[in-house]
Amino acid sequence: MKNLKVAVIGCGNISVMHLDAIVALEESELVSVCDIKPDRAEQTAERYGVKAYTDYKQMFECERLDAVHLCLPHYLHVPVAIEAFNAGMNVLSEKPMSIKYGDALQAVKIAEQCGVKYGVIFQCRYNTPSMLVKQRVCDGSLGAVKCGRTTLTWYRPDNYYDASDWKGTWDKEGGGVVIDQAIHSLDLANWMINSEPVEIQSSLHNRNHQCMIVEDSAEGLIKYKNGALLSFYAMNNYLIDEPIEIRLLCENGKATFSYDKAVIEYNDGKVETVNNMPQKIVSYSGGKDYWGTQHAVQIRQFYRSVMGVEELEISGREALKIQNIVCQIYKNNDNRLINVI
């Protein structure tokens with residue numbers, strides 16, 4: 001397999017999860033990095049021994065790239081992705097795809113028209129607990145999901161938003177706890193249910209943050225075409241990051257899982273448990289515990305799809321499912337917290 005020539009756009013905190021994976025994988029060669037902040041671009045480039053750019057368009061012109069990774073503020077994901085598609089490049093974007101569903105849909109269509117791969121990072125699907133529960137739903141052991149709930153209680157103080165020039169805003173982040181933190185647990189539950197949402201109810205509030213205008217608390221209910229119900233609760237006013245919890249009541253039992261562990265209790269009394277097994281591809285040089293370790297697994301799968309070895313598992317079209325849910329949660333908010341987008 002040839003080494004894909006790859007670049008990363010955006011050298012903020014999350015970029016290390018991409019950069020360390022790129023240099024560790026045999027499928028890829030890191031060529032360059034780009035960030036509008038010169039110091040950050042130069043420091044990252046020096047660390048990885050590659051060329052630095054502050055203008056991604058210039059980088060596209062100067063480098064012969066097979067793929068680019070987008071580690072940018074949410075509102076920049078789609079416009080930069082479209083520029084890359086039109087330049088013939090494959091794109092792997094951090095979540096969310098966009099802050100607007102229509103923009104995300106446009107990006108998917110352009111990628112398909114250009115004949116390039118468009119992947120979106122939802123690394124938690126590759127956690128061992130997530131994969132076991134999905135397998136047991138799909139192979140009939142658990143049967144179809146009848147109802148579920150997701151719970152996230154994390155901590156994001158005011159200085160978390162003060163330190164950023166885009167987080168905590170409608171026009172750049174697209175929201176708060178839902179689009180930035182709870183999107184992963186909502187995606188996992190929706191992936192398990194595997195049906196089309198027909199009604200989404202939500203209530204959003206900013207209960208404790210002074211320096212931002214988006215929600216720090218959210219709850220709601222999603223009704224599906226197959227009759228399944230999904231309740232969700234998320235807030236970032238807890239003083240620690242507790243493990244997320246997803247509970248599913250299925251035809252043949254129930255499953256409780258987080259990023260670290262899954263417990264499946266079958267109606268016949270059988271119990272199946274599994275702990276998360278970290279990937280062995282790379283030891284990251286940074287990152288946060290709640291990101292997990294599975295970025296490298298998804299990145300390798302994306303590369304193998306670009307090479308034509310495998311089908312792309314989490315494509316832009318697949319990611320439209322959770323993008324739609326997140327956007328509907330904001331649109332259908334019954335509180336008076338107004339999304340100005």
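Leaving aside its neighbours within four places in sequence, which residues is V68 in contact with? In this predicted model, the partners of V68 are A7, I9, F60, A84, M89, N90, V91 and L92. V68 is also among the residues with the most contacts inside the largest nonpolar core. Helix α8, residues 177–193, supplies its largest share, 11 residues. A second core is separate and has 28 residues. Among its members are V8, C11, A67 and I299.

The sheet was examined next. Six strands form an open sheet in the order β3-β2-β1-β4-β5-β6, and their pairing is parallel. The edges are held by β3 (51–53) and β6 (118–120). Each has a single partner strand, so one side of each is left without a neighbour in the sheet. On average, neighbouring strands are turned by 25° against each other, direction ignored. Strand β1 (residues 4–9) runs parallel to strand β2 (residues 28–34), and six bridges join the two. A7 of this pair has S32 in β2 as its bridge partner.

Helix α9, residues 295–306, packs on the sheet. It touches β1, β2, β4 (67–70), β5 (90–93) and β6. The direction of α9 makes about 165° with that of β5. H295 lies in this helix. Is H295 buried or exposed? Its relative accessible area is 1%, so H295 is buried. Beyond its neighbours within four places in sequence, H295 is in contact with I14, M17, H18, E94, I121, Q123 and Y284.

Helix α5 gives a check on helix geometry. It comprises 14 residues, 101–114. At 1.5 Å a residue, α5 should span 20 Å. The C-alpha atoms at its ends are 20 Å apart, which agrees. Buried residues in α5 are A104, A107, V108, I110 and A111. They cover an arc of only 165° around the axis, and therefore sit on the same side of α5. What do the buried residues of α5 pack against? Their packing partners are α4 (77–86), α10 (316–331) and β6. After α5 comes G115, with a positive phi near 70°.

Key: Residues numbered from 1 in each chain as written. Predicted model: local features only at pLDDT ≥ 70, side-chain atom pairs only at ≥ 80, totals over all residues. Heavy atoms only, no water. Pairing = 2+ DSSP bridges. Helix = DSSP H or I, 4+ residues; strand = E, 2+ residues; numbered from the N terminus. Axes fitted to C-alpha atoms, helices over the stretch in contact; angles between N-to-C directions. Contact = heavy atoms within 4.5 Å. Expected span 1.5 Å × (residues − 1). Buried < 20%, exposed > 50% of the residue type's maximum accessible area, 1.4 Å probe, protein only. Arc of directions from axis to C-beta. Core = buried A, V, L, I, M, F, W, Y, C linked by side-chain atoms within 4.5 Å.
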